[in-house]
Amino acid sequence: MAKNTVEKTPVTLLGLGAMGTALARTWLVAGHPLTVWNRSPARAKALAAEGAEVADTVTEAVAANTLVVVCLLDDASVAEALAGADLAGKDLVNLTTSTPAQARARAEWARERGARYLDGGIMAVPPMIGVPEAGGYVFYSGSPELFERHRQALGVPVGTTYVGEDAGFAALHDVALLSAMYGMFAGAAHAFALIRKEDIDPATLAPLLADWLVAMAPSVHQTADQLRSGDYTKGVVSNLAMQVAGTPTFLDTAAQQGVSPELLDPYFELMRRRLAEGSGEEDLTGVIDLLVR
């Protein structure tokens with residue numbers, strides 16, 4: 001049988017927290033030569049036993065390979081770690097969580113130092129890395145040529161989704177999705193609080209709650225369609241006036257159950273404000289315009 005002679009892209013990885021370590025192991029298993037660095041050297045010992053080259057310094061790690069992936073605590077950590085490294089000619093892929101503005105500034109910072117730059121937003125937790133069926137992926141933005149050059153290597157640990165040449169778009173997509181997630185968590189928290197003092201097993205509510213949220217999730221497509229068209233009355237099933245009229249029931253129920261309405265009140269207030277503007281026949285989409293300053 002012929003041997004597989006396809007060379008795997010060598011990777012340098014800076015940062016061996018839970019996420020960095022998970023990324024490292026998938027590259028090693030896939031046969032990519034890997035050089036790693038971590039501020040606390042002890043974290044690299046296990047990876048060394050698995051085949052990784054351990055660099056004593058960031059400068060040494062960056063010099064080892066063209067593709068340099070950074071997965072550190074925050075943007076300030078990136079600046080500190082790479083301060084003395086020679087980035088000229090390097091392909092810098094930054095998977096550190098940041099804001100869109102920080103990502104754009106970091107892209108310019110990299111260009112000034114002679115590096116090509118991709119920013120990434122990881123939509124996964126460490127146990128999802130290296131498990132394709134888990135559904136995790138990374139948003140990438142920045143140089144399209146750089147993304148295509150390293151698409152295969154970057155896709156080894158987890159799926160890849162390119163969202164544009166603007167370096168800030170990966171971070172923006174990341175935070176947008178996570179913001180929606182926290183909104184969902186807030187609604188679920190309120191739902192569980194309502195039954196907390198009753199003889200209702202939370203485990204019986206959980207599947208009902210999960211199924212209901214899944215059933216409601218496709219409504220985001222109608223919201224997007226209304227935003228694109230500018231017609232917030234398009235396809236409305238339950239208009240704003242009707243929904244505002246129903247909000248006292250939610251607030252009264254919370255009061256009767258001894259539950260704070262603080263997770264619901266801000267959204268209900270936005271609904272009432274939009275209605276006061278004479279938008280009763282609209283969907284809830286108009287609330288979005290009240291949020292944009």
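Is the crossing of α10 and α11 left-handed or right-handed? The crossing of these two helices, α10 and α11, is left-handed. A crossing is left-handed if the near helix is turned anticlockwise from the far one by less than a right angle, and right-handed if clockwise. Helices (H or I, at least four residues) and strands (E, at least two) are DSSP runs, numbered from the N terminus.

This is a predicted model, in which local features need pLDDT of at least 70 and side-chain atom pairs count only at pLDDT 80 or more, while totals for chains, interfaces and linings use all residues. Residues are numbered from 1 along each chain as its sequence is written, and side-chain values use heavy atoms, with hydrogens and water left out.

**Helix pairs**

The axes of α10 and α11 come within 10 Å and cross at roughly 145°. Axes are lines fitted to C-alpha atoms, for helices over the stretch in contact, with angles running from 0 to 180 degrees between N-to-C directions. Among the residues that meet are V244 and F250 in α10 and F268 and R272 in α11; contact means heavy atoms within 4.5 Å. This contact divides into eight nonpolar, two polar and three charged residues. Here Ala, Val, Leu, Ile, Met, Phe, Trp, Tyr, Cys and Pro count as nonpolar, Asp, Glu, Lys and Arg as charged, and the others, Gly among them, as polar.

Next come α7 (residues 169-195) and α8 (residues 202-216), whose axes come within 11 Å and cross at roughly 145°. Helix α7 passes α8 in a right-handed crossing. M184, A188, A191, F192 and I195 of α7 make the contact with P202, L205, A206, L209 and L213 of α8. By class, the contact of α7 with α8 has ten nonpolar residues, no polar and no charged ones.

**Pockets**

A pocket is an open set of points on a 1 Å grid over the protein atoms alone, where a 1.4 Å probe fits, with protein on both sides within 12 Å along at least five of seven lines; lining residues have an atom within 4 Å of a point. Grid points are joined across faces, edges and corners, and a volume is the space filled by probe spheres set on the points.

| Pocket | Volume | Lining |
|---|---|---|
| Largest pocket | about 2500 Å³ | 47 residues |
| Second largest pocket | about 360 Å³ | 16 residues |

In the largest pocket, G183, M216, S219, Y267 and L284 lie nearest the centre. Helix α7 gives the most to this lining, with 14 residues. By class, the lining of the largest pocket has 33 nonpolar, 13 polar and one charged residues.

For the second largest pocket, the largest share of the lining, three residues, comes from β6.
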